[in-house]
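I opened the notebook for a slow look through this one. Here is what I looked up, entry by entry.

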Amino acid sequence: MRVGVLTGGGDCPGLNAVIRGIVRKGVQEYGYDFTGFRDGWRGPLEGDTVRLDIPAVRGILPRGGTILGSSRTNPLKVEGGVRRVQENLAAEGIDALIAIGGEDTLGVAAALYQEHGVKVVGVPKTIDNDLSATDYTFGFDTAVNIATEAIDRLHTTAESHMRVLVVEVMGRHAGWIALHSGLAGGANVILIPEQRFDLDQVCAWVENRFKIRYAPIVVVAEGAMPKDGDMVLKDGTLDSFGHVRLSGIGEWLANQIEKRTGKEARTTVLGHVQRGGTPSAFDRWLATRFGLHAVEAVRDGDFGKMVALRSTEIVRVPIGDATARIKTVDPALYEEAGVFFG
Ligand code: F6P
């Protein structure tokens, strides 16, 4: 039995832990051989492989990034892409493929399974935590911890200078990182993509904070939008899954706050710092268990499934269920945080 493994989409802490879990269990318990494909779907598309055995996965558990590399290549958008993937999998003698990724990578996996019978098992990853059918994705906890530490640090400098500090965190369509780090870090305003914000209200919260002699911290997700505006884009370019590059809402917001309140406002954009470096213990635990259960699904011939966390259990769900729609922040959860605004 030869099993292919790939990691696609934006990287996140814990990918290496999944790879290690898959290889250790697959080799030690089932006697499988593994082939790593480089850079997400680009690997099978171009037949670009890397050795993946027990020595290759030694020492990678605490390392961020992915030893397999990643990309946002979409074989469904390439002329003859599916046929090339199938030919390269056959040429490498691949009996099953484990795809580790977010909605885009797993969307391709679902299509390859449903429409072309490719034997795929999916593993959910994304710092955004926006995949349906799993309570958490690994990478999220690490990102939240990084953002929380940044907010803690920004509190002290904001207070020394009595200025507004706006922190822009990742989260294109879902505000999970903003909500969790904002609550954990004691932010005074949290803005998420799911709820358009009222700039007058944000300024009122900011002013209120100054009245009680504290400097406000505003946490804003990159995809957050004002009531009468749109997402702020970095530029107009699209990736092969049709996503635009975001970033800029933090700067825009700080300018607006400064203009409207007369208070000095600065911005910190956390960007890829949230995705880099060593995974938290929780993410290592979750990623490792996902890896172990993914290779178990291969052993059972249970293809077209994704491993998912439900409470503390790892279950298998149809990949299509996970990618049909993204998991956004429930309005009630956001409302709950409102007691700390202003
Ligand atoms: O999907 C994860 C994510 O980190 C998003 O939060 C963010 O919008 C995007 O990736 C950034 O992607 P890239 O690193 O390709 O610019």
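**Entry 1: Thr261**

I began with the side chain of Thr261, which reaches the backbone oxygen of Ile257 at 2.7 Å. I kept in mind that this is a predicted model. Thr261 lies in helix H9, which covers residues 249-261. A polar atom of the Thr261 side chain also lies 3.1 Å from the backbone nitrogen of Lys263. Is Thr261 buried or exposed? I found a relative accessible area of 14% for Thr261, and because the cut-off for buried is under 20%, I noted Thr261 as buried. Leaving aside residues up to four places away in sequence, I listed Cys203, Val206 and Glu207 as the residues that Thr261 touches.

**Entry 2: the cores**

Ile257 came up again when I turned to the nonpolar residues. The largest nonpolar core has 82 residues, and Ile257 is one of those that touch the most other members, together with Ile100, Phe138 and Leu191.

Not counting residues up to four places away in sequence, Leu191 touches Ala178, Phe197, Val202, Val218, Val219, Val220, Ala221, Ala224, Leu253 and Tyr334.

**Entry 3: the ligand**

Next I asked which residues are around the ligand. My list reads Arg72, Ile127, Asp128, Met170, Gly171, Arg172, Glu222, His272 and Arg275. I then looked up distances from side chains to oxygen atoms of the ligand. For His272, a side-chain N or O atom is 2.7 Å from a ligand oxygen. For Arg72, a polar side-chain atom lies 2.8 Å from a ligand oxygen. For Arg172, the distance from a polar side-chain atom to a ligand oxygen is 3.3 Å. The ligand taken alone exposes 400 Å², and I noted that the protein buries 78% of that.

**Entry 4: Glu46**

I found Glu46 in helix H2, residues 42-46. The side chain of Glu46 makes a polar contact with the side chain of Arg42 at 2.6 Å. Beyond residues up to four places away in sequence, Glu46 touches Arg84 and Asn88. Glu46 and Asn88 are 42 residues apart along the chain, yet I read 7.4 Å between their C-alpha atoms. With a relative accessible area of 46%, Glu46 is partly exposed.

**Entry 5: helix H10**

Just after H10, I marked Gly301 for its positive phi of about 70 degrees.

**Entry 6: Pro331**

My last stop was Pro331, in helix H12, residues 331-337. Pro331 has a relative accessible area of 48%, so I put it down as partly exposed. I also noted that Pro331 and Gln195 are 136 residues apart in sequence, while their C-alpha atoms are 7.9 Å apart in space.

Terms used
Residues are numbered from 1 along each chain as its sequence is written. This is a predicted model: local features need pLDDT of at least 70, side-chain atom pairs count only at pLDDT 80 or more; totals for chains, interfaces and linings use all residues. Side-chain values use heavy atoms; hydrogens and water are left out. A nonpolar core is a set of buried Ala, Val, Leu, Ile, Met, Phe, Trp, Tyr and Cys residues joined through side-chain atoms within 4.5 Å. Buried means under 20% relative accessible area, exposed over 50%, partly exposed in between (1.4 Å probe, protein chains only). Contact means heavy atoms within 4.5 Å. A residue is near a molecule or strand if one of its heavy atoms lies within 4 Å of it. A polar contact is a pair of N or O atoms within 3.5 Å; within protein, one must be able to donate a hydrogen and the other to accept it, and residues adjacent in sequence count only if both atoms are side-chain atoms. Accessible areas come from the Shrake-Rupley method with a 1.4 Å probe; for residues, only the protein chains shown count as cover. Helices (H or I, at least four residues) and strands (E, at least two) are DSSP runs, numbered from the N terminus.
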